[in-house]
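Got your viewer open and a way to select residues by number? Let's take a short walk through this model, one stop at a time.

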Amino acid sequence: LFRAEEDLRVWEVEGSFVPLIILVFFHSQSNAIKTSKYNIFNFLPLNLFEQFQRLANAYFLILSIFQLIPQISSLAWYTTVIPLMVVLSMTAVKDAIDDLKRHQNDNHVNNRSVLEKKWMNIQVGDIIKLENNQPVTVSTSLGSDFFSFWFEWEQGNPFSTSAATAETNLKVKQAISVTSEMENNLQLLSAFNGEMRYESPNNKLDKFTGILTYKGNSYFLDQDKLLLRGCVIRNTDWCYGLVIYTGPDTKLMQNTGKSSFKRTHMDHLMNVLVLWIFLFLGSICFILAIGHGIWESRTGYYFQNFLPWKEYVSSSFVSATFIFWSYFIILNTMVPISLYVSVEIIRLGNSCYINWDRKMFYTPKNAPAQARTTTLNEELGQVKYVFSDKTGTLTQNIMIFNKCSINGTLYGMHFVLAYVFQTTEKVNFSYNKLADPKFSFYDMTLVEAVKKGDRRVHLFFLSLSLCHTVMSEEKVKGELVYQAQSPDEGALVTAARNFGFVFRSRTSEIIVVVEMGKTKVYQLLAILDFSNVRKRMSVIVRTPENRVMLFCKGADTTLCQLLHPSCSALRDVAGEGSLRTLMVAYRELDNSFFCAWSRKHSEACLSLVNRENKMLNVYEEIEKDLMLLGATAIEDKLQDGVPETIITLNKAKIKMWVLTGDKQETAVNIAYACNIFDNGMDGMFCVDGSDAETIRQELRYRWESCHSASLDPRFLTHLFTQYGFLL
């Protein structure tokens with residue numbers, strides 16, 4: 001049974017009848033995708049409509065109509081129609097070739113096979129099986145968003161979402177434990193009987209709200225249970241899932257949008273030029289028509305015996321009107337219809353040059369540059385602003401654990417000596433059989449603190465080994481391979497591993513950690529997810545000693561506000577340095593308090609209305625009065641050639657903006673390292689504001705204060721005019 005209810009979808013699953021029931025209500029909603037603009041029926045009218053948005057084409061169309069009127073036509077109709085048809089035909093052929101490639105790609109996708117069915121025939125309600133390294137993408141075997149029932153591995157499963165979100169880091173997807181009893185038993189899967197209520201199709205890739213009602217109990221569903229079209233399964237032998245969105249309803253297609261006719265700056269410029277030529281032509285015809293009317297009224301009227309008027313000419317004004325349109329036709333060569341043909345040929349040639357350019361060939365992937373359209377090529381040279389992310393774009397996205405501060409003591413300063421003088425030896429981790437041989441650290445005092453059993457140091461590394469979403473894989477005994485959603489987490493978990501706190505494995509209910517050679521199992525009670533708003537993540541575990549502990553890590557600007565007042569003396573030490581810093585804290589929870597909080601957490605999870613805000617409020621109730629353990633400092637090196645590239649962009653008058661979530665000191669240092677800032681710049685200042693009015697007032701203050709300082713007022717004037725701030 002399926003019905004729409006406001007913003008929610010209700011769907012009952014009753015055994016093997018699911019596909020038949022869904023087909024009744026979704027017969028018209030197949031899983032086929034369409035990225036092309038035209039088909040055999042709408043190509044001619046739609047393409048002509050787009051082409052006649054060019055003023056020159058519209059002008060010659062009107063001119064052709066006028067030439068069919070014998071009273072004003074002084075030239076044969078075909079002198080205008082034939083050139084116009086040639087121009088329209090050449091452009092139509094080019095557009096048809098571009099769209100034919102889209103059709104071929106669509107057909108290639110829609111006819112892929114999935115479980116002995118074509119990709120386009122997958123329906124909402126189908127239960128399907130995916131295997132390791134099998135993509136959920138438009139270019140291979142599956143293209144539906146589906147809810148995951150059961151994975152072969154209980155410890156969670158990484159998925160690559162590069163095609164869906166442009167991120168190459170692995171994301172952990174976890175099936176709910178209540179469906180684990182079905183495993184890969186097809187009889188149990190076909191007999192599954194439950195009801196799913198979930199949101200209507202939308203384009204939000206990072207949000208999903210739903211509830212599964214099964215055996216009288218309700219289980220909340222979020223984005224961690226949803227596999228999106230565009231993902232690729234990694235490190236998972238198989239999984240079963242229930243299709244909930246298909247075709248244009250999938251989140252990836254919801255973000256695609258409709259194909260629209262795009263006009264370049266060159267097209268706009270040519271339209272403006274043609275408009276001015278058209279006005280100039282009209283003024284000339286108007287002057288000539290006035291002169292003709294004056295001559296006819298003063299002279300021609302008296303010479304009708306020699307130059308008789310046509311029968312449809314009753315006065316000199318009528319004669320002047322007809323002659324106006326006659327001149328309008330005769331002087332049509334002033335409007336350069338051939339200009340559009342020349343531009344189209346140049347665009348086609350530029351596309352070929354892009355495809356043939358050896359300097360744009362990417363050798364590691366054997367991939368040449370490819371111009372997917374011949375319409376927008378000249379726009380490549382019109383870039384004025386470049387907006388860039390920092391991590392993974394300017395930097396290598398390879399994180400290195402360099403320093404840390406634990407209980408007010410700073411470790412890792414020997415790294416600077418090792419980097420500058422290359423004299424300090426690396427710490428020998430041979431005593432730890434599970435250590436990562438690639439990990440490097442240069443401060444032996446931290447190893448000694450771990451061996452001495454310092455409680456704060458042990459809690460610090462225990463927090464790093466528990467508070468994360470990393471997945472572990474052990475294909476060869478004793479050789480652990482970590483799959484992390486972000487390099488930051490991978491670097492921190494690897495550091496804890498080398499210092500004796502080895503994250504071994506995890507499921508949806510437990511986390512296994514080897515602490516100084518002893519294996520301990522922690523019961524995973526709750527995960528308080530990281531988000532861009534919270535800027536932190538927390539885990540709540542029950543220790544083998546039956547203590548309930550909350551471990552939290554996050555940005556120093558956020559975590560400082562959640563610390564217990566007794567931790568104020570440690571805050572400044574924890575935030576030192578200009579590297580990427582994260583603060584680590586913990587809190588021991590009372591059992592009764594946690595049970596009460598857990599009930600609130602479950603209610604918020606099962607809410608279908610305003611769930612996100614309710615979850616944030618519940619998180620804030622428990623993430624407070626934290627005890628600070630310390631902070632970590634991670635280095636993310638620049639990619640090769642970044643400073644030189646930015647200098648080249650500056651020479652081309654391209655303005656560079658970099659978006660980063662780092663604190664101010666780190667952002668400034670990165671800007672200097674990238675040559676976005678240089679030592680020759682005067683008057684660098686920081687503007688702090690959350691709305692346009694605050695920013696405008698701050699800039700006005702700087703502009704006024706520059707008159708009494710050494711700062712050149714022209715600098716701020718340039719700033720206002722270039723970046724849109726008006727005094």
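**Stop 1: a pair one turn apart**

Start with helix 21 (residues 692–705) and pick out glutamate 693 and arginine 696: they sit 3 residues apart in that helix, so about one helical turn separates them. Keep in mind that you're looking at a predicted model. An α-helix has 3.6 residues a turn, so residues three or four places apart point the same way. Now show the side chains: glutamate 693 and arginine 696 form a salt bridge, with their closest N and O atoms 3.2 Å apart. Buried or partly exposed, what is glutamate 693? It is partly exposed, at a relative accessible area of 40%, and arginine 696 counts as partly exposed too, at 27%.

Searching the whole structure turns up 14 salt bridges.

**Stop 2: a link across the chain**

Next, select glutamate 199 and lysine 251, whose side chains meet in a salt bridge at 3.5 Å, N to O. This pair links distant parts of the chain: glutamate 199 belongs to strand 10 (residues 193–199) and lysine 251 to helix 7 (residues 251–256), 52 residues apart. Both glutamate 199 and lysine 251 are buried.

**Stop 3: another link, and a histidine**

Jump to glutamate 489 and lysine 553, where you'll find a salt bridge of 3.8 Å, N to O. Glutamate 489 is in helix 14 (residues 487–498) and lysine 553 is in strand 25 (residues 548–554), so this pair ties together parts 64 residues apart in sequence. Glutamate 489 counts as buried at 9% relative accessibility, and lysine 553 is buried at 7%.

Histidine 468 is buried, with a relative accessible area of 0%. Which residues does histidine 468 touch, leaving out those up to four places away in sequence? Glu489 and Lys553 are among them, and so are Val493, Phe503, Arg506, Met537 and Val539.

**Stop 4: helix 8**

Finish by colouring helix 8 (residues 265–298), which has 34 residues. At 1.5 Å a residue it should span 50 Å, and its end C-alpha atoms are 50 Å apart, so the two agree. Select some of its buried residues, including Met270, Val274, Leu281, Cys285 and His292. The buried residues of helix 8 pack against helix 3 (55–66), helix 9 (316–330) and helix 10 (338–356).

Notes. Residues are numbered from 1 along each chain as its sequence is written. This is a predicted model: local features need pLDDT of at least 70, side-chain atom pairs count only at pLDDT 80 or more; totals for chains, interfaces and linings use all residues. Side-chain values use heavy atoms; hydrogens and water are left out. Buried means under 20% relative accessible area, exposed over 50%, partly exposed in between (1.4 Å probe, protein chains only). Contact means heavy atoms within 4.5 Å. Helices (H or I, at least four residues) and strands (E, at least two) are DSSP runs, numbered from the N terminus. The expected span of a helix is 1.5 Å times one less than its number of residues. A salt bridge is a side-chain nitrogen of Lys or Arg within 4 Å of a carboxyl oxygen of Asp or Glu.
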